[in-house]
Every structure is written in C-alpha cells, then in structure tokens.
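Please keep the viewer open while you read.

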Amino acid sequence: MQILKIFRIAVLCVVFFFFCMIVVVTVLESWSPGVQMIFAFITPGILVWWFERWLSSAPQAKAQFVESDQNSKYRVPAFETGSVQREDKKS
C-alpha cells in the first residue's frame with residue numbers, strides 16, 4: 001500500500017509540474033524568469049500536499065456524514081432494492 005502511495009505522489013508531481021509549466025508558458029509570460037521558476041517548481045509540491053491532505057480526510061468526512069445521517073430523524077433509506085423509498089413527515 002505504501003508503494004502505491006509513493007507512486008501516486010510521483011505521478012501527481014509530474015502531472016502538476018507539466019500543468020504549471022503550461023500555465024507559465026501561456027499565462028505568466030510577463031513575469032520575471034525567477035518568479036516563473038519558483039511558480040513552476042513550488043506550486044506542484046503545494047498541490048500534491050493539498051491533494052494528499054484532502055484524500056486522507058475524505059474517509060473521516062464520509063464517516064462523520066454517515067454517523068450524522070444515521071442519527072437523523074428524517075433519514076432516507078439506502079437504495080438496496082433499486083426502488084426509491086421515502087419516509088414522509090407526519091404532522
């Protein structure tokens with residue numbers, strides 16, 4: 001599992017680097033070369049860090065959503081049978 005994470009990080013670095021280089025060449029032509037280099041080399045690292053942080057927090061957020069959904073008074077049942085079932089509010 002750890003090898004897949006390292007591979008994912010490496011691939012994301014390469015993809016984000018190429019994306020940043022395209023942005024530098026097309027949009028940031030008027031910036032000085034030093035700032036362009038800083039943008040092209042620092043931004044992919046920040047994007048990979050943000051993506052990994054978001055990816056690691058996704059299961060926790062899903063677990064919190066499921067837990068709060070189970071405690072909800074107006075919970076919609078799961079779609080196990082393929083038909084939509086609905087609980088209406090009774091006055």
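Phe17, Phe18 and Phe41 come together as one aromatic cluster. Rings of Phe, Tyr and Trp (its six-membered ring) are paired if their centres lie within 6.5 Å; planes under 30 degrees apart are called stacked, those over 60 edge-to-face, and the rest tilted. The whole structure holds 4 aromatic pairs. Trp31 and Phe39 make an edge-to-face pair, with 6.4 Å from centre to centre and 80 degrees between the planes.

A word on what you are looking at: this is a predicted model, in which local features need pLDDT of at least 70 and side-chain atom pairs count only at pLDDT 80 or more, while totals for chains, interfaces and linings use all residues. Residues are numbered from 1 along each chain as its sequence is written, and side-chain values use heavy atoms, with hydrogens and water left out.

Now for the overall picture. The protein has 2 helices and 0 strands; helices (H or I, at least four residues) and strands (E, at least two) are DSSP runs, numbered from the N terminus. Of its 91 residues, 12% count as buried. Here buried means under 20% relative accessible area, exposed means over 50%, and partly exposed lies in between (1.4 Å probe, protein chains only). Areas come from the Shrake-Rupley method with a 1.4 Å probe, and for residues only the protein chains shown count as cover.

Among contacts with a separation of 6 or more, 47% are between residues 24 or more positions apart. Contact means heavy atoms within 4.5 Å.

Which side chains meet in a salt bridge? Arg8 and Glu52 do, at 2.9 Å from N to O. This pair links distant parts of the chain, with Arg8 in helix H1 (residues 2-26) and Glu52 in helix H2, 44 residues apart. A salt bridge is a side-chain nitrogen of Lys or Arg within 4 Å of a carboxyl oxygen of Asp or Glu, and a search of the whole structure finds 1. Leaving aside neighbours within four places in sequence, Glu52 is in contact with Lys5, Arg8, Ile9 and Leu12.

Val24 sits in helix H1. Beyond residues up to four places away in sequence, Val24 touches Glu29, Gln36, Phe39 and Ala40. The C-alpha atoms of Val24 and Ala40 are separated by 7.0 Å, although the two are 16 residues apart along the chain.

| Residue | Relative accessible area | Class |
|---|---|---|
| Cys20 | 1% | buried |
| Val24 | 7% | buried |
| Glu52 | 13% | buried |
| Phe39 | 23% | partly exposed |
| Cys13 | 30% | partly exposed |
| Arg8 | 31% | partly exposed |
| Trp31 | 41% | partly exposed |
| Trp49 | 53% | exposed |

Finally, look at the surface. Met37, Ile38, Phe41, Ile42, Ile46, Trp49, Trp50 and Trp54 form a nonpolar patch there, with about 960 Å² of accessible area together. Patches are made of residues with over 30% relative accessible area and no salt bridge, where like charges are joined within 9 Å and nonpolar side chains (Val, Leu, Ile, Met, Phe, Trp, Tyr) within 5 Å. Trp49, one of the patch residues, is found in helix H2 (residues 33-70).
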